[in-house]
Amino acid sequence: MSGALAAEWTKLRSVRSTYYVLAVVAATPLAAALMAWNGAHAWDAGTAEQRAAWERSQPLEAMFLPFVQLSAAVLGAMAITSEYATGMIRTSLTAVPSRSAALAAKAAAVAGPVLAAGFAAVSATHGIVRLIIGDRPLGDYDAPFLDSVPLLLSLGLSVGAVALVGLGMGAVLRSTAGAIVTVCALLFVLPVVAAFLPSPWDERLAGVLMPDLAMQLAGAAEDPLLPPMGAFAVMAAYVVAALGAGAVLLVRRDA
Amino acid sequence: MIEVRELTKRYGPTTAVDGLSFQVSPGTVTGFLGPNGAGKSTTMRVLLGLAAPTSGAALVNGRRYAELRRPLCEVGALLDATAVHGGRTAYDHLRWLARSNGIGVRRVAEVLEQVGLAGVARKRVGGFSLGMKQRLGIAAALLGNPGVLVLDEPVNGLDPDGVRWIRRLLRALAAEGRAVLVSSHLMSEMEMTADRLVIVDRGRLIADTSVKELAARFQRGVLVRSPRQGELFGALAAAGASVDVLPDGGLSVSGLDVARIGELAAARGIPLHEVRPRGASLEEAYMQLTGGDTAGLAAEGARP
């Protein structure tokens, strides 16, 4: 198992796509900084009515989260779909014949850097935005930093979860495009679908979808459907379901 | 040591491998021959644990592949040389393989040297020619210094230099006591390389034999040419041989050996332009065994 993990880690580090994805993640704090700078200017020039409308805006690290999550899903999916695309999966499975061990090694190798990059991206976003916003009452940036820690941890954790869902879907579908489309559906399409459902089903569905889970996990959601532990359990269920389905199919199918 | 026992593999209604049994012993190169689609690659995939057999077994050193703890140190395999990530360097490709089986990274440099890729170790594989990728695939197979090698069509698409290199390498690996299984759909490749031949067609075993035995089995009479053919025909027939006239004018004689035919002709003063044992080439033998071009075999007769 340690050999399999070392191999997956080496694989991940030796292709450019990994660094491209991390570069995209690293760019999000910069994009958030521009938005914050623009927001701060607008606030200073704004009328009292406009300010009242902006006051309760979502924190920027949460707004940018889906982009970080999607990048992470690409990294997770590519860890296995690039092998199906090239045929290298056969070499991988002759080197590590236990397929569940092979997938577990991939999951561990992806989770480490993705969690680190996720935490770094949301923390950097928060820190930079906080500096720019200053004491303006935009979002919650005027609250003490320690109050933000649970939110940052939850957002970072959700980035790791989405990456593993991407990996699991990659193992199931054996296609990068298929895996990414699935993750996009979870992150962007289903929330829209949920919004069109009649009440109370709209909130019930939205509450268990990926985008809302991180805020509920942090206890930062208004009107949460789930308590933090419940949100954690649902997030974990996504990961277990995706990786479990991937593992079962990987073991059963001929390579 | 490879043992394939009563191996059957079905894909839906198609039977790719049908009750196949054979062995590959240490110290020999075994050619695994058959037309495209005969089940060679499927057999190799089952042997390497990539596909599950419908019934029967394929064992390496007495165990199923999945039971091997450090498989690369027991079996080296090359299935498809182009199945590599083009963005990775040759060195990194071998490095992850080495790590997966706890093989020291120093070994990577050794095998790169052995296959002649040391100079391009830090280049991305995407820029490699097919020949270079084949060499990289061989390097990967040799990485764990395994006693068993399984190579699927390793000379496909290679230039003559590359073909000769692989031929010599396979002979050398067998001479070191390794069991080498090499598949091919061309007999001409195996003639020069293999000690033993396992010939399959439509998933079934057609022949499990040595190269020499196969050649002897397809020995068919003696070819004789003479400007006084009619006279010779009579003399040979009178001596008890059965004689056929070949379409190109020569005589195919069975029942007498070359020496007797020569003596008979000399006794009658009949000049001979050609007398030689008429063996089917291995290529023809193979074609006949696999039900390939039998019409061509009959018409062509002996081949120089």
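Biologist: What sits just after α8(B), with a positive phi?
Modeller: Gly240(B) does, with a phi of about 100 degrees. Helices are DSSP runs of H or I, at least four residues, and strands are runs of E, at least two, numbered from the N terminus. This is a predicted model: local features need pLDDT of at least 70, side-chain atom pairs count only at pLDDT 80 or more, and totals for chains, interfaces and linings use all residues. Residues are numbered from 1 along each chain as written, chains are lettered from A and ligands numbered from 1 in written order, and side-chain values use heavy atoms, without hydrogens and water.

Biologist: Which residues of helix α8 of chain B are buried?
Modeller: Gln229(B), Leu232(B), Ala235(B) and Leu236(B). Buried means under 20% relative accessible area, exposed over 50%, partly exposed in between (1.4 Å probe, protein chains only).

Biologist: New topic. Is Val111(B) buried or exposed?
Modeller: Val111(B) counts as buried because its relative accessibility is 0%. It is found in helix α3 of chain B, residues 106-114.

Biologist: What does Val111(B) touch?
Modeller: Leu94(B), Ala139(B), Leu142(B) and Leu143(B), not counting residues up to four places away in sequence. Contact means heavy atoms within 4.5 Å.
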